[in-house]
Structure formats: structure tokens, C-alpha cells
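Hi,

Here is the structure I promised to pass on.

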Amino acid sequence: MALTAQVHFLDGTLSLIHIPLSLYPTLLQPILRLLLPQSRGSPPDLNLDSLTLDSSQHGFLNISVTPLECSIVCHSSWAKTIFEPAIKQLPRDAAKTVIISKDDYVVFSVISVGMDAGSRVADLTSPLALANIPLFFITTYYSDFILVPVKDRQAVENTLLSRGFVFSEDNDDNFPFTSPYSTNHGRRASQGSSLNELPTTARQQPPPPSAIPELQERTFDNLKKRNVVPYVEQGLLLVQCSGRQENNMIGGYSERPSTFQTNGHGSRNRHSAHKPCWADTVDTKLYTGLVSALVSQPRFFSITLAQDDPPSLLLDRELVGIFGDSLVGATTEGGVSLVPIFLDLSSLPIEATGIVSGVAGTLVKELKEQYGVVAEEEDGGGGRRGRGSAQEEELELSFLSTVRAGAVILGEEVSIRAMEALRRVLVREGK
């Protein structure tokens with residue numbers, strides 16, 4: 001299968017943190033500290049390569065609050081300097097339930113051109129799944145992000161290059177922002193941490209599956225053995241949206257001089273410029289909304305900050321109103337509502353492979369058959385040909401991986417059929 005996709009590895013290594021919902025209020029302060037800029041309160045030994053130098057943006061950050069957990073993907077320096085001290089202050093039994101992943105991860109973005117909307121997640125992840133490489137996939141408004149273990153980076157590059165992916169050394173401005181409802185995932189961890197770590201298994205991985213059907217069969221056999229049952233939260237509808245691009249919303253912030261300054265006698269004079277700070281270069285209305293949403297302990301809220309992309313949100317539709325006009329692509333009335341189908345993966349080892357690809361690929365196949373969308377076939381030149389329908393765009397599928405769970409994101413109507421398809425293959429009789 002020939003794919004038109006560009007891959008760009010982001011700088012830095014990442015940690016992944018699982019916080020039980022019962023401890024979310026207790027750890028809200030370090031969560032907000034992670035989201036907001038570090039300045040006077042930053043530890044002196046903090047490694048700042050997780051932030052871009054010009055705007056203090058995170059190289060990559062995801063904070064997700066779902067009905068199953070609070071999940072955080074952040075630079076390992078933040079995990080060590082912000083979260084580890086906070087976790088150590090918890091009672092011993094409570095501290096044991098907060099987990100920082102053991103291994104280091106890297107994240108890369110994938111910009112896909114002309115990919116089938118429904119099959120994109122499976123197409124992007126199946127090459128890595130067939131190579132037995134564990135991954136996390138996170139949906140954003142603009143890009144797909146995939147996180148893989150640092151130790152597997154070379155294998156990732158070799159695998160993707162062999163499948164026609166193109167690697168970019170520098171940021172490429174030739175790909176304009178377009179909204180895909182994409183899905184991405186990531187993860188990373190602090191090495192040598194004395195705190196709790198996500199469980200891994202000492203046994204070796206089984207041989208890689210030889211083909212996609214075998215991969216999908218293995219995936220669902222594994223999920224059934226672990227009694228993973230899909231479910232939806234009653235009445236929960238999501239919106240995928242974005243903050244505004246900085247160059248469009250800064251306006252005169254950094255150029256607008258302060259109307260006062262302090263003279264040598266301690267009094268303030270008009271018309272003095274001040275040194276630009278973080279608040280001059282971000283949409284403060286957006287960040288006020290982000291803090292308000294997180295403080296409310298939302299049913300569902302996911303924010304992704306990544307270098308070169310505006311902030312991307314996937315959130316409970318009920319939260320849209322608190323952001324005013326600071327969001328792009330969001331509306332409280334009409335528009336597209338999305339439904340998350342949750343899979344509790346806490347019983348699986350963190351290095352389990354093929355989950356995203358196996359679930360997404362099986363679902364897309366089932367849904368296309370139900371909607372009468374003819375699957376594409378390779379033509380003689382190695383390209384793709386096929387016949388679609390007006391409903392094909394409705395089959396767009398995204399996936400949000402969190403530390404110990406996954407969520408398949410679909411349109412409201414399609415989610416009903418998807419739920420039925422998942423229950424047929426996962427739920428045993430009598431359940």
C-alpha cells in the first residue's frame with residue numbers, strides 16, 4: 001500500500017503519568033503548573049529543552065481527563081521535577097496508585113495527504129504493529145501523533161521508510177493546517193524512578209503477525225482474554241477544535257507598549273515598553289478556559305500542545321461555552337458531535353502491541369461493509385482505487401490513547417453501529 005505521509009520526530013523524550021480520578025483534585029496544582037509557563041517557581045535544574053526557545057511552548061504535552069483516568073504525556077523533566085515531589089507527599093497507599101511509565105518514549109507527527117478518513121488510523125499504525133512495536137496514538141485537530149519507545153526509534157524509521165513514509169529533518173511549511181479529526185498517541189517515562197511504574201512483563205514478545213488479518217485476530221483474542229468490554233458514557237458528546245494560530249491572534253500584544261513605567265523616583269511614567277513575556281504571546285482567553293475546564297473536573301477533556309501546532313482540544317460539548325470565541329471549529333449548537341467508545345486496557349501490559357491498529361482496522365472494515373462502502377484495492381501501479389459513497393466521510397475514525405485506556409472517536413450515528421460491532425467480537429454470551 002502506497003501512502004502519502006510525512007513524518008517528523010519532535011525533540012525531547014517523554015514520560016507518561018496515570019492519575020486515578022479519586023486523586024485528581026489532590027494533584028490538580030501540579031497539573032496546572034505543567035500547563036502554565038514555568039518561571040520563578042521552576043526548579044534550577046529543570047531541563048528546558050521540552051520548550052521552544054522563542055515562545056516557551058511545550059515540545060509536546062497532552063493532558064486528558066476521561067471517565068477512566070487522568071492521563072498525562074509530558075517531557076521527562078516535568079515529570080521528575082513537578083510530579084515526583086507531589087506524589088511523594090501523598091499517603092503511601094494513595095501514592096502507589098499514581099504511576100509514571102518506566103521507559104522513555106519519543107513522539108513523531110504524521111501529516112497525511114489524501115488518506116482515506118476512516119482507514120487513516122489503521123493505515124498509519126499497522127506497519128508498526130506488524131513489526132511488534134508498541135505505540136500510543138493521539139488525535140489532534142491538525143496532526144496525528146504517535147509515541148514509541150526510544151529503544152525502538154531506529155526500527156520505527158526503517159519500518160516506515162519501507163512503507164513509503166517520508167521523514168522531515170526540519171519543520172516543513174509546505175503542509176498547511178487542515179482539520180482532519182486525526183488520532184494520535186504518545187508516551188514516555190522517567191528512567192530509574194523510585195516511584196510506581198507501569199507494569200511490564202519479563203517474557204518475550206510473541207513473533208510478529210504475518211498479515212493484517214492475523215494481527216486483528218490476535219488483538220481481539222487478547223482483549224477477550226482480559227475481559228475488555230467496550231462502553232459509552234450516557235449523554236457524553238465531544239467536540240474536536242483548536243485554539244487560534246499565534247500569528248493570527250497575537251495582534252499587537254507584544255508590540256503594544258506599557259502605558260506606565262517606573263522612573264528613578266519610584267513613580268510611573270507613561271509610554272514605556274516592557275519586556276515581552278508568556279502572557280503577551282498566547283491567547284489568555286483560551287488559557288482561562290483551559291484552567292476553568294480542568295478545575296471543574298470534567299467528564300472528558302483532552303488538550304494537546306505541540307511545537308508548530310496551535311493548541312488542540314477534544315472536549316465535552318458542554319464545556320465549549322466557557323471558551324468564548326477563543327476556539328476554532330467548535331460550536332454549542334449544530335455541527336458534528338463525536339462519541340467516544342472506551343476500552344479499559346488497565347489489565348494489559350504497557351508494551352502490548354497491535355491494539356490501536358487491530359481495533360481501528362476491524363471497525364473500519366465492519367462499518368464500510370454495513371454502509372456499503374467498497375474497500376479500496378491496489379491497482380496495477382501500486383496505487384489505490386475504489387468506489388466510495390456519500391456516507392464514506394461519516395466513517396471518519398479517530399483514536400485517543402491514554403495511559404491505561406483507549407477511546408475510539410466516531411460520529412454520533414456511526415458510533416451506534418461501531419459499538420454493536422465491538423460487542424459482537426468482544427462480549428461473551430451471557431454478559
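Let's start with helix α4, which spans residues 120-130: 10 of its 11 residues are buried, so the rest of the structure largely encloses it. The buried ones are R120, V121, A122, D123, L124, T125, S126, P127, L128 and A129. After α4 comes N132, which has a positive phi, near 60°.

Do keep in mind that this is a predicted model. The average pLDDT for the chain is 78, and 70% of the residues score at least 70. Residues 40-56 have pLDDT below 50, and in the model that stretch makes 28 contacts beyond near neighbours in sequence. Residues 171-194 also stay under 50 in pLDDT, yet the model gives them 112 contacts beyond four places in sequence.

Next, a charged residue for you to look at. R404 sits in the loop between β18 (398-402) and β19 (405-411). R404 is buried but has no salt bridge. E69 is the nearest side chain of opposite charge, and it is 5.9 Å away, whereas a salt bridge needs the charged atoms within 4 Å. What the R404 side chain does reach is the backbone oxygen of S346, at 3.0 Å.

Last one: S337, in the loop between β14 (312-316) and β15 (338-344). Its relative accessible area is 9%, so S337 counts as buried. And what is packed around it? Setting aside neighbours within four places in sequence, S337 is in contact with L237, L238, R317, L410, G411 and E412.

Cheers

Definitions and conventions
Residues numbered from 1 in each chain as written. Predicted model: local features only at pLDDT ≥ 70, side-chain atom pairs only at ≥ 80, totals over all residues. Heavy atoms only, no water. Buried < 20%, exposed > 50% of the residue type's maximum accessible area, 1.4 Å probe, protein only. Helix = DSSP H or I, 4+ residues; strand = E, 2+ residues; numbered from the N terminus. pLDDT = per-residue confidence, 0-100. Contact = heavy atoms within 4.5 Å. Lys, Arg positive; Asp, Glu negative; His and termini not counted. Polar contact = N/O pair within 3.5 Å; in protein donor to acceptor, adjacent residues only side chain to side chain.
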